[in-house]
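Here are a few notes to read alongside the model. Keep the 3D view open as you go through the points.

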Amino acid sequence: MKNFHKEAKSVYFRTITYINVNCTCSTSEYIQSIGQPYLLLPSCFWVELLTLRTVLVAGKITHKWGASMWHFVQDYGVQIMLYRTPFLVDLVNEKAGRILKLDSIKNGRAWKGMDMLIFNTWHWWTHTGRNQPWDYIQEGNRLRRDENRLVAFYKGLTTWARWVNLNVDPMQTRVFFQDISPTHYVGGDWNEPSKSCAGETLPFSGADYPAGLPPAWFVVNKVMSRIKKPVYLLDVTPLSQYRKDAHPSAYGGRSITDCSHWCLPGVPDTWNELLYAALFG
């Protein structure tokens, strides 16, 4: 079994050449702890937009598609484009500094005409201080230093929804939105106030996650309820909240506490299974 896990890990990481260091959990303890070899697509979903332009051969798409999307890409001529735009709305450099424009989405020109669009955002909306990627927030002609992050998120996501309504042809393009990826910095969320994800090796085992769903989840669902074009919500939030054990802090071999990225193999592979089910189930 040990050799089987070792070979599974080798195939997994050999298949993908662009895994971000933040997602790598390389210890044998982690590989053994997941209980089964993960041979699914490893994909760091902090990348805020994954665009797929696909050519699908219907007779050859099976449940084994999940074994490696890269193999699928090579065998079936699928073109995958990664478009990194952490807020979906525009972040631009101007004389005044770096400006986050809540009502502008010029990036969207690059997304038109795709067979599939998979969006997500939120991770960078929470950053403050030195890690904050903008100097000003702009809405209309008004510049301000900051704004309640949930309010700003709602405004930015509403701009994205407006873009989808105006620019997506459902006959040509399928649109997915991946819901909030939770963090596990605050042990009080699972009734262990003195802890974070660091050193956690078991999932939360209760029936209901004590902290409930994060506020940003409600923002996403509010915007999604008002969008006119068909958008499939990949609701990964509740199942991911249970996985306080699945972050690099426990296994990544780094000194910093990282409770926002996910180990690979791991939780993002489950997200991909849900995407597969939505596509072909």
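**Notes on the sheet and the cores**

1. Start with valine 92, which sits opposite isoleucine 99 in strand 4. Strands here are DSSP runs of E with at least two residues, helices are runs of H or I with at least four residues, and both are numbered from the N terminus. Strand 3 and strand 4 (residues 97-101) run antiparallel and are joined by five bridges; two strands count as paired if DSSP finds at least two bridges between them.

2. Before going on: this is a predicted model, where local features need pLDDT of at least 70, side-chain atom pairs count only at pLDDT 80 or more, and totals for chains, interfaces and linings use all residues. Residues are numbered from 1 along each chain as its sequence is written, and side-chain values use heavy atoms, with hydrogens and water left out.

3. Now the open sheet: it has four strands in the order 3-4-6-7, with mixed pairing. Strand 3 (90-94) and strand 7 (142-144) are at the edges with a single partner strand each, so one side of each has no neighbour in the sheet.

4. The largest nonpolar core has 33 residues, and Phe119, Trp125, Phe153, Trp160 and Phe177 touch the most other members. Such a core is a set of buried Ala, Val, Leu, Ile, Met, Phe, Trp, Tyr and Cys residues joined through side-chain atoms within 4.5 Å; buried means under 20% relative accessible area (1.4 Å probe, protein chains only). Helix 4 gives the most to this core, seven residues.

Terms used
Buried < 20%, exposed > 50% of the residue type's maximum accessible area, 1.4 Å probe, protein only.
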